[in-house]
Amino acid sequence: MEASAGYRHIDCASTYNNEAQIGEALSPAINAGLVVRRDIFVTSKLWNTDHATARVRQACLKSLKELQLDFLDLYLMHWPVSGNRGPTVEPGIRETWEAMQSLVDEGFVRSIGVSNFSIKKMQDILAYTRLPLSVCQVEIHPYHRNDQLIAWCRSQGVHVTAYSPLGSPDSATMFKREAPVLLQDPVLARIAASLGKSPAQVLIRWALQHGTSVLPKSTSPARIQANLEVFDWHMPADDFAELSALQPQMRMVDGSFWLHPAGPYKTLQDFWNE
Ligand code: A2P
């Protein structure tokens with residue numbers, strides 16, 4: 001659906017458990033000439049339990065097999081977490097990163113990057129990497145602008161991709177906590193009405209004007225189509241500024257599920273280095 005609607009950036013991860021279905025959709029589209037492989041950009045992500053050197057290669061090959069591709073455009077370390085929630089600290093990020101560099105050497109992936117990393121954790125990688133840290137994918141929307149991280153990434157040539165651009169409407173239920181619903185923000189509603197767009201379209205357009213790539217996710221064909229209709233109009237500067245001043249500023253996907261008293265991350269401050 002996404003490819004035929006016109007999407008060209010397909011964001012996957014082994015933990016989403018849908019790479020085989022994506023392969024089943026993508027491969028016929030490529031074979032039928034509906035889309036050319038070089039025109040699409042496929043990302044996948046390495047899961048926490050696959051951080052050991054030997055597992056990195058296996059995990060990447062599994063994703064490639066399921067996606068029916070012979071290379072990924074981008075492979076990201078999904079979280080700065082080795083193992084799952086708990087005290088596991090081995091291997092460290094460096095070992096995993098070095099194994100990911102080998103995937104580039106072998107031609108399995110074109111570029112590598114990280115997701116859910118802080119500036120500090122990326123600085124550590126930049127101190128030893130021999131290949132570019134190409135992309136950082138993090139949560140970004142008007143309730144979590146992440147401007148400091150974006151500015152730092154820009155200064156280092158790290159491209160930023162925004163996930164949950166609609167404010168992660170499912171997080172509150174998923175993580176069982178109170179959180180404001182960005183899609184229902186009254187300022188957003190007013191701006192959307194004045195522009196004749198949906199609140200979701202305004203948020204996706206805000207992300208583009210904010211200068212990042214953007215990953216709108218939907219299971220609904222109508223929304224998949226509508227979320228793409230953001231390229232032939234521009235949000236006026238005052239509307240952009242008003243959305244960029246919304247409060248509160250908070251992560252919806254805050255990583256608290258990785259904290260553990262015996263682990264490397266005991267607090268959110270440890271996790272995000274803030
Ligand atoms: P749906 O799949 O029913 O369209 P995330 O923040 O993790 O990226 O999740 C995106 C969420 O936003 C999904 O729950 C998705 O639900 C919802 N969504 C996607 N597009 C729209 C839209 N145009 N209007 C309202 N909700 C949307």
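# Helix pairs, a sheet and a ligand shell

Helices α4 and α5 are oblique to each other, in what is a predicted model.

Visitor: At roughly what angle do the axes of α4 and helix α5 cross?
Guide: Helix α5 covers residues 119–128, and the axes of α4 and α5 come within 11 Å. The crossing of this pair is right-handed. Angles from 65 to 115 degrees would count as roughly perpendicular and those under 35 degrees as roughly parallel, so the two helices are oblique, with an angle of roughly 55°.

Visitor: How many charged residues does the contact of α4 with α5 have?
Guide: On the side of α4, the residues that take part are Ile93, Arg94 and Trp97, and they meet Lys121, Asp124, Ile125 and Tyr128 of α5. By class, four residues of this contact are nonpolar and none is polar, while the number of charged residues is three.

Visitor: Is the crossing of α3 and α4 right-handed or left-handed?
Guide: Helix α3 spans residues 53–67 and helix α4 spans residues 93–105, and their axes come within 9 Å and cross at roughly 45°. That angle makes α3 oblique to α4. The sense of the crossing of α3 and α4 is right-handed.

Visitor: Which residues of α4 make the contact with α3?
Guide: From α3, the contact is made by Thr53, Val56, Arg57 and Cys60. The residues of the contact, taken over both helices, divide into five nonpolar, two polar and two charged. On the α4 side the residues are Glu95, Thr96, Ala99, Met100 and Leu103.

Visitor: Which are the edge strands of the open sheet?
Guide: The sheet is formed by seven strands in the order β1-β2-β3-β4-β5-β6-β7, and their pairing is parallel. From one strand to the next, the twist averages 25°. An edge strand here pairs on one side only, and the strands that do so are β1 (9–11) and β7 (213–215).

Visitor: What is the bridge partner of Tyr75 in β4?
Guide: Strand β3 holds residues 74–77 and strand β4 holds residues 112–115, and the two pair in the parallel sense over three bridges. For Tyr75, the bridge partner in β4 is Ile112.

Visitor: Which residues are the closest to the ligand?
Guide: The shell around the ligand is made of 16 residues. By class, these divide into six nonpolar, seven polar and three charged. The closest of the surrounding residues are Ser164, Ala200, Lys217, Ser218 and Thr219.

Methods
Residues numbered from 1 in each chain as written. Predicted model: local features only at pLDDT ≥ 70, side-chain atom pairs only at ≥ 80, totals over all residues. Axes fitted to C-alpha atoms, helices over the stretch in contact; angles between N-to-C directions. Helix = DSSP H or I, 4+ residues; strand = E, 2+ residues; numbered from the N terminus. Parallel < 35°, antiparallel > 145°, perpendicular 65-115°, else oblique. Left-handed = near helix turned anticlockwise from the far one by under 90°. Contact = placed C-beta atoms within 7 Å. Nonpolar A, V, L, I, M, F, W, Y, C, P; charged D, E, K, R; others polar. Near = placed C-beta within 6 Å. Pairing = 2+ DSSP bridges.
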